[in-house]
Amino acid sequence: MTDPLQLLHSVFGYTSFRGAQADIVQHVTGGGDALVLMPTGGGKSLCYQLPALLRPGCAIVVSPLIALMQDQVDALLQSGVKAAYLNSSQDFDALMDTERRLMTGQLDLLYVAPERLLTDRFLGLLDQLHEAGAVALFAIDEAHCVSQWGHDFRPEYMQLSALHERYPTIPRIALTATADAPTRREIIERLGLGEARLFVASFDRPNIRYTVVERDTPKKQLQAFLADHRGEAGIVYCLSRKKVDDTALWLREQGVNALPYHAGLDADTRRQHQQRFVREEGVVMVATIAFGMGIDKPDVRFVAHLDLPKSLEAYYQETGRAGRDGEPAEAWMTYGLNDVVVHRQRIDESAAGEEQKRIERQKLDAMLAFCEAASCRRSLLLHYFGETLPACGNCDTCASPPQMWDGTVASQKLLSAALRTGQRFGSGHLIDLLRGKLNPKISEYRHDLLPTFGVGKDMDEATWRSVIRQLLVTGIVQADAQRFGAITLAEASRPVLKGETTLMLRRPRKLTTGKPPRYSR
Ligand code: ADP
């Protein structure tokens with residue numbers, strides 16, 4: 001057998017393996033099945049590309065995205081590897097030519113979209129290849145797509161278990177950067193990987209600095225953040241297509257080389273923008289989550305979230321696109337109370353079953369707890385993925401630990417304001433009420449006559465907002481998405497109202513610029 005290290009050097013130009021790559025390559029080349037959990041940028045591709053070269057025949061790589069296949073194949077061709085792809089973007093002649101090369105032993109790797117792989121025609125070709133002993137292995141990239149609890153479910157992936165049933169002796173390697181336990185279990189179960197060896201790399205990305213700021217003046221905050229990243233490539237994530245368009249336009253007016261990307265743009269524009277992002281220097285891509293998977297750009301210096309992602313998995317994936325070259329990079333996010341309402345509403349109104357809704361709510365709660373964290377964000381994030389880490393010194397809470405204060409009385413005031421107004425009003429109204437601001441709505445409902453009117457004058461609006469957010473995160477109150485975010489009391493509010501518990505809360509930062517705190521390192 002050719003020496004894997006030698007091949008790594010001669011074909012890919014690298015001098016050594018990273019992390020578990022060597023073990024994985026050896027295991028799969030020897031015919032074993034593997035499930036590889038490795039963060040984005042960890043070097044998953046080599047884990048199947050090298051065995052593909054080391055084993056006889058052609059490796060079949062299942063990949064969910066056309067853009068991803070093209071990039072991978074381009075890179076392989078440049079290294080002199082015989083690679084090709086089959087997908088719906090090709091015309092008939094190109095398809096036929098690729099098939100011909102596959103069947104005449106002229107390919108080492110073939111990337112295929114799952115729906116094409118599972119066609120009778122392609123399975124027929126595979127049967128022939130298999131009989132000739134010319135299938136090297138199956139690689140299932142972005143394997144979390146098989147999981148309904150994951151963030152990127154693709155129904156076609158469910159059928160990939162057929163590969164094992166049809167070709168039980170061909171090794172399979174499934175790879176993903178999504179590591180939470182439920183997704184992992186589902187991958188193993190649905191792809192029939194019970195016997196596969198599990199390789200789990202650390203998910204820590206020490207070069208990424210995490211910062212979360214309360215949304216205050218979002219445009220100004222973004223502007224101030226970008227001022228520290230002039231000329232650098234980055235991604236700005238927004239929840240809606242409209243916000244993507246607006247933000248990209250506004251940034252261009254500010255002289256930032258920004259481009260929009262979302263599923264509402266035609267395929268040509270999307271491709272062009274993606275190419276410019278990858279090839280040109282210093283492009284800022286303003287995008288929905290439609291952008292990012294499989295983009296191989298090592299020098300993305302920052303990922304900014306203008307809206308809260310729906311889960312920590314999604315947040316980790318999205319921020320993980322920064323700093324793949326190992327150089328310092330920043331993950332920066334603004335978030336506010338409204339995000340909670342929007343996400344809750346999305347979950348409530350989705351067509352998903354009750355069980356799935358429950359899981360999505362749990363995921364959202366974990367995301368919120370991350371935002372409101374008073375301790376190291378990195379340890380919190382990695383704890384979610386099952387790792388234990390000491391405080392990192394490279395996130396906002398480590399750099400300047402939030403001050404804590406006794407918020408019991410303030411919480412009681414807030415709870416009683418919600419109670420006395422029938423639990424029908426949102427945070428803005430309750431804050432005005434507590435602060436004694438006589439606005440038309442307060443007058444209309446005669447809330448100025450309530451004993452709670454003005455009892456919270458001593459605290460500014462930002463502090464009240466932060467009290468409500470923390471009560472939400474700890475499940476003491478809920479924001480009723482069906483009623484415009486009306487604050488309602490949960491069971492856990494009882495001991496607080498009765499004065500049986502002390503609530504230590506984190507003070508909001510005085511941050512109007514959105515700049516991360518100064519770092520001493
Ligand atoms: P992933 O698929 O896990 O996100 P990739 O396979 O795209 O990661 O690898 C990320 C980057 O790391 C690529 O630029 C790749 O060329 C580089 N890389 C991977 N393995 C090694 C290695 N052993 N030595 C040096 N660079 C590597």
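This is a predicted model: local features need pLDDT of at least 70, side-chain atom pairs count only at pLDDT 80 or more; totals for chains, interfaces and linings use all residues.
Reader: Where is Gln423 found, and what is its phi?
Author: Gln423 sits in the loop between helix H19 (408-420) and helix H20 (427-434); helices (H or I, at least four residues) and strands (E, at least two) are DSSP runs, numbered from the N terminus. Although Gln423 is not a glycine, its phi is positive, at about 55°.

Reader: Is Glu142 buried or exposed?
Author: Glu142 lies in the loop between strand S5 (135-140) and helix H8 (155-158). Its phi is also positive, near 50°, in a residue other than glycine. Because Glu142 has 23 C-beta neighbours inside 10 Å, it counts as buried.

Reader: What is the strand order of the open sheet of six strands?
Author: Two strands pair if DSSP finds at least two bridges between them. Pairing in this sheet is parallel, and the order is S8-S13-S12-S9-S11-S10.

Reader: Which are the edge strands?
Author: An edge strand of this sheet pairs on one side only. The two are strand S8 (208-214) and strand S10 (258-261).

Reader: Which residue in S11 is the bridge partner of Tyr261?
Author: S10 and strand S11 (residues 284-287) run parallel and are joined by four bridges. In S11, Tyr261 has as its bridge partner Ala287.

Reader: What angle does the direction of helix H13 make with that of S10?
Author: Helix H13 (residues 267-279) packs on the sheet and touches both S10 and S11. Axes are lines fitted to C-alpha atoms, for helices over the stretch in contact, and angles run from 0 to 180 degrees between N-to-C directions. For H13 and S10 the angle is about 140°.

Reader: With which residues is Arg276 in contact, leaving aside its neighbours within four places in sequence?
Author: Arg276 is found in helix H13 and is partly exposed, because 13 other C-beta atoms lie within 10 Å. Two residues are in contact if their C-beta atoms, placed from the backbone, lie within 7 Å. With those neighbours left aside, the contacts of Arg276 are Leu259 and Val283.

Reader: What radius of gyration does the protein have?
Author: The radius of gyration is taken over C-alpha atoms, and the globule rule is 2.2 Å times the number of residues to the power 0.38. For 521 residues a compact globule would have a value near 24 Å, which agrees with that of the protein, 26 Å.

Reader: What percentage of residues in the protein count as buried?
Author: The protein has 23 helices and 17 strands. Its C-alpha atoms fill a box of roughly 85 × 45 × 45 Å along the principal axes. Of its 521 residues, the share that counts as buried is 44%.

Conventions. Residues are numbered from 1 along each chain as its sequence is written. A residue is buried if 20 or more other C-beta atoms lie within 10 Å of its own, exposed if 12 or fewer, and partly exposed in between; C-beta atoms are placed from the backbone.
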